[in-house]
Amino acid sequence: MLKSNSRNYHLLKVRRKMDSIKDMSAPLIVVSNRLPFVLNRKENGQLERKQSAGGLVTAVAPVVIECKGLWIGWSGLHDIEPGTPIPEADPADKAPTSGLLSSQVRSTNNTLFPKIFKYSTRYSLFTLFTNSLYCQMNLHSSLIEFLLKAYLRVNEEFARCTIAALRKIVAELDAEGKDNVAPVIWIHDYQLFTVATSVRQAVEEENLRCKLGFFLHIPFPSWDIMRLFPWDDEILQGILACDFVGFHISDYCLNFIDCCCRRLGCRVDRNNMLVELAGRTVHVKPLPIGIPFDRFVRLAETAPVFIKDTDKVKVILGVDRLDYTKGNTIVFLNCINGKFSRPNWSPIRYIYGCLNQEQLAALYRDSAIALVTPLRDGMNLVAKEYVACQIKEPGVLILSPFAGAGEMMHEALLVNPYEINDAADVLHRALQMPLEERELRMTQLRNREQLLNVNYWMNSFLSSMGALVEDEESDPLTNKMLPLKLEDFDNYLINHIDDVCKLSLILDYDGTLATLTSHPDLAVMSQETRRVLARLSNMPDVNIAIISGRSLENVSNMVNIENVTYAGSHGLEILHPDGTKFIHPVPSENAENLRELMRLLQDEVCHDGAWVENKGVLLTFHYRETPAHLRDDIVRKASEIFVRAGFEPHKAHMAIEAKPPVKWDQGRASIHILRTMYGVDWSERVRIIYAGNEDAMLALQGIACTFRVDSSPTVKTAADFRLADPDSVLTMLKWIEKQMNKRAPRIVRSPRLNRSPKINKKNSQTLVHSQMSFEEEDDSKQTIRVRVNSIPVMARY
């Protein structure tokens, strides 16, 4: 009894939630591929609006109207000049968009929408997400590269319109004294995967307030499919630029979270469906879309008969595009009709073209069976629409488990469309199903779809964004992932550190050990990080190297820890703990060229917070303090000066570097340090952990466990994992210290000191550099002199 009451209470809450769209606490900006209505050109050349069918428009348009929001999309016409006003709705128009004023509509630049954009979305993204084999067979690398550029260009245009709309709404809210209200931006579907990337960047640079949400209306593929796509990281980063991401079902959510973890190295919480990127938590949630149930019921009640004699024949209805994702092709249909047709009858009647809503409702109502068997589909609203229109003698729904609806509509007869014999058996069962069973199944299906209609879906999404008036006191987006703990590195490194191999830690300085600041001199490592590094440097099996773009003298002074290898100027200068030094040769004219470059930069672009840092063999142009609206121009001019002076401009974080024309970077320097420290056969005896620069990331890929430390969500990386900031690096160092402390004490010679010419001259005793273990164990007793704190002691074995 208690269980029944609990269920009834839940249904009551659901019913209240789905009755109508709730009041929003902030303006809504909807960004979709198309506008919520169809624009046609009349014979006199004037534009007119036509109603657009679809549950999304029915649910969302009234909310945009009520909250004085905006709708951004493409008009669908190629011949509209930029700036052409959108016509107002006809006074007799009763569509949900009739109250949407032209001032609430923003049409994107139509000149950027050639057929190639349709191809890049429908035939590459959609194809990949629904059918990986077809994608592999039909998309070549050169074509994909071309499609990517077109796709990104169109997404930039959508982002430009969105940012302009956001600025306008924020200014209006500020003028009304509502400076605590954050507009909601809701981006829809696979055509606009990367829009949020540009929007997020503008929001952070201009300090605009908003909440970004995204909903994907197609399936999200698993990792083994997603990894086939050459620009998978751009797609994932684009989605993660949002605060909240919605998918139809849990499987799609978990696929997305898994891809973020495995491709981007993000920290994830699968139980609570959270993803962390660059220190920001993104919420993920399954939100199965519904339909305007009552609207379809009314259509079914008034629609005239479309197919006659349904009392004499049983109609099996399929409403699909004729393509491979729906499991049917022209050849397939022609084969069946060719084999089984009679002079006055054919088993399959294919209606090529569009049906209006009344005709479709009549077909739904009068069909005995709905055969909905796509090979892959995000949700499939046809199944829901069929159920809504079953107001007479109930029919039977046959549904593919590969549609999202198959996870919810349990009373339907599920059939694998690849199993032809099973499909025939299920179809036969549906035709023979008794009335009592049909009534029971259809009643439960109708009750659920009436409750979980499109209004419920809309309210659920907005509530998850904290955008409803009733949610003002508790914003769900404030829930963050728990801070990074020592235990989290069990997942990253537990299989990388063993009880035998030595450990080499290679770390960058700026942004990795010390927080990036407005001036390099202010980037000071925390005392806690310094203490942990000092303890690690004195451990027997740990060797530390710190590589930086700073000069060797500067980085060694900033860190100032003994027993550490320092590499300055991105590895052009290396100083080992025993005092030996490596300097990579650079052309003699490099110094003069750098002086000339510095003079040009100071004369032409060192203003508005931009300045030049001379690092000896390197030069860095900093623009971190330059106002955001001036950066693009200054970076462009500075890059031109670099090229004019004979240097390739190397982009760093808010900086441009000039490097000597030598094939040497942090990656090659890291390999050099490892070979010098451990010998040419180091790879089998040493485990490496690297955190920092991307050049070294590529060189050490597959050799080391790598971490990219960056607060930017759009950085592309070859790293295994991502860390947000130096505090996360400190947590990693503490975990390493904890693991290394578990090793049994042994005495071992430092590999670098063992090859030092200074040490080899000392025949009377062997100096072991802060090591308390040794590798070569012999049955015979050995006497080794160990110097600890400059006090000679004897260790006998």
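In which sense do S12 and strand S13 (residues 369-372) pair, and over how many bridges? They pair in the parallel sense, over two bridges. Let's look at where this pair sits and what surrounds it.

## About the model

This is a predicted model, in which local features need pLDDT of at least 70 and side-chain atom pairs count only at pLDDT 80 or more, while totals for chains, interfaces and linings use all residues. Residues are numbered from 1 along each chain as its sequence is written, and side-chain values use heavy atoms, with hydrogens and water left out.

The pLDDT is the predictor's confidence in each residue, from 0 to 100. The protein chain averages 83, and 84% of the residues score at least 70. Over residues 1-18, however, the pLDDT is below 50. Residues 755-797 also stay under 50. Where pLDDT is low, the predicted coordinates should not be read in detail.

## The chain as a whole

The protein chain has 26 helices and 29 strands. Helices (H or I, at least four residues) and strands (E, at least two) are DSSP runs, numbered from the N terminus. Of the 797 residues, 52% count as buried. Here buried means under 20% relative accessible area, exposed means over 50%, and partly exposed is in between (1.4 Å probe, protein chains only).

A contact means heavy atoms within 4.5 Å. Among contacts between residues at least 6 apart in sequence, 70% join residues at least 24 apart.

## A parallel sheet

Back to the opening pair: S12 and S13 belong to an open sheet of four strands in the order S12-S13-S14-S15, with parallel pairing. Strand S12 (316-317) and strand S15 (413-414) stand at the edges, each with a single partner strand, so one side of each has no neighbour in the sheet. Two strands count as paired if DSSP finds at least two bridges between them. Ile316 has Ile369 in S13 as its bridge partner.

Helix H13 (residues 381-388) packs on this sheet and touches S13 and strand S14 (396-399). The direction of H13 makes about 175° with that of S14. For such angles, axes are lines fitted to C-alpha atoms, for helices over the stretch in contact, and the angles run from 0 to 180 degrees between N-to-C directions.

## An antiparallel sheet

Another open sheet has four strands in the order S21-S22-S24-S23, and its pairing is antiparallel. Its edges are strand S21 (611-614) and strand S23 (650-652), each with a single partner strand, so one side of each is left without a neighbour in the sheet. Strand S22 (residues 619-622) and strand S24 (residues 655-658) pair over four bridges, and Thr620 stands opposite Glu657 in S24.

Helix H20 (residues 590-604) packs on the sheet, touching S21, S22 and S24, and its direction makes about 15° with that of S22. Helix H21 (residues 628-644) lies across S22, S23 and S24, running at about 0° to S24.

## Nonpolar cores

A nonpolar core is a set of buried Ala, Val, Leu, Ile, Met, Phe, Trp, Tyr and Cys residues joined through side-chain atoms within 4.5 Å. The largest one has 126 residues, of which Leu28, Phe220, Phe256 and Leu397 touch the most other members. Helix H5 (residues 141-175) gives the most to this core, with 12 residues. Apart from it lies another core of 41 residues, among them Ile546, Trp735, Ile736 and Met740.

## Around helix H19

Which residues of helix H19 (residues 552-559) are buried? They are Leu552, Val555, Ser556, Met558 and Val559. Seen down the helix axis, these buried residues fall within an arc of 160°, so they line one face of H19. That arc is taken from the directions from the helix axis to the C-beta atoms. On the other side of H19, Glu553 and Asn557 are exposed.

The partners that the buried residues pack against include strand S17 (542-547) and strand S18 (564-568). These two strands run parallel and are joined by four bridges, with Tyr566 in S18 as the bridge partner of Ile546. Both faces of S18 are covered: Val564, Tyr566 and Gly568 are buried on one side, and Thr565 and Ala567 on the other.
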